[in-house]
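Thanks for coming, everyone. I'll walk through one model this morning, and the slide comes up now.

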Amino acid sequence: MAHILNLIVQDGLKEIDISVKRVRQAVRYVRSSPQRTLKFRECCAHQEVECSKILCLDVPTRWNSTYLMLETAQNFEKAFDKLHLFDNGFSTHLCMHVCEDGNVAGPFVCDDWVNVRNVIKFLERFHELTEKVSGSRYVTSNCHFEDICELDSHFKACLASDDTNLSKIAGRMKEKFKKYWSEPEKMNKIIFIASLIDPHNKLEYVGFALEEIFGEEPGKKLTAEVDAYLNSLFGEYKKKYSKGCYLKSSSSKSTSFDDTSDSSSGNMRTKSVRIKQLLKRKKEDSGSVGAKSEFERYIGEGQEPLSDDSNDFKILDW
């Protein structure tokens, strides 16, 4: 998941905006020598820029470093706009230094920082998703399908945006997205299953989301396939793990009841009820005719309500 996200964003950043290139050149200039860094600090003090973050230059092969560079640089907008007054070489550098693509970035213009903040907002979603799915101390597989749905929605919103640069970047990313996640017959159904057995989602969410991404008719068809696949999968687990476990339990208990000859009639009546309860549970758990399986009972229950803080939900407690 994280690898595919990286490929998607890398493809989109090939259409990177000229404003981002200007920020990169500006950061590169400031960080290139201690003298230039000192003059930049003087400019920050004069412009009353209060930010404890340190400018960082991105690495072209790591898109998240571009996001972090822009996210930090935006705090120093006032300083960059006035740096030419403190350092004569700054404007010359922007006008003369050639970028990686062979072009010159040029000096900052009035819309640059608006464009940069739009790119930051766009990349922020991918940064959050990469952090989320890269976690090593918690389960992430149940989030994957939900994240794919959110990305699809994110792309649709950006493609409809009035910002042509953002729309262009989103367009390239959407094409890469479709290569991996737009043909459901090629996707591993476990992605859907893992989402379905998240008590916040269940079949209601998965079915709705499939229709949102793939269309109403294909979505309904795929929902039925996922439902059948999960029933089959549950059947395999039940066959493998539940055979004979309840039979052994009930026989051992009935033996102990029979051996108790000096019990009062009240106690015997209570134990008789317990035996009936045990037999009923055994029938339900073994999938007898007329009894719902554990899977059917789970699906039949409502979705677990979402809290404001998803970290509050503890799956093992549930």
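**Starting at one aspartate**

Asp 227 sits in helix H12 (residues 216-241). Helices here are DSSP runs of H or I with at least four residues, strands are runs of E with at least two, and both are numbered from the N terminus.

Before going on, the ground rules. This is a predicted model, where local features need pLDDT of at least 70, side-chain atom pairs count only at pLDDT 80 or more, and totals for chains, interfaces and linings use all residues. Residues are numbered from 1 along each chain as its sequence is written, and side-chain values use heavy atoms, with hydrogens and water left out.

Buried means under 20%, exposed over 50%, and partly exposed in between, with a 1.4 Å probe and protein chains only. What does Asp 227 touch, leaving aside neighbours within four places in sequence? Leu 203 and Phe 295. Contact means heavy atoms within 4.5 Å. Leu 196 is 31 residues from Asp 227 in sequence, and their C-alpha atoms are 9.2 Å apart.

**The whole protein**

Zoom out. The protein has 15 helices and zero strands. Of its 318 residues, 37% count as buried. Take contacts between residues at least 6 apart in sequence: 72% of them join residues at least 24 apart.

Next, H7 (residues 112-133) and H8 (residues 144-159). They pack at about 175°, axes 11 Å apart. Therefore H7 is roughly antiparallel to H8. The cut-offs: under 35 degrees is roughly parallel, over 145 roughly antiparallel, 65 to 115 roughly perpendicular, and the rest oblique. Axes are lines fitted to C-alpha atoms over the stretch in contact, and angles run from 0 to 180 degrees between N-to-C directions. On the H7 side, the residues include Phe 122, Phe 126 and Leu 129. H8 brings, among them, Leu 151, Phe 155 and Cys 158.

**Aromatics**

How many aromatic pairs does a search of the whole structure find? It finds 14. Rings of Phe, Tyr and Trp (its six-membered ring) pair if their centres lie within 6.5 Å; planes under 30 degrees apart are stacked, over 60 edge-to-face, the rest tilted.
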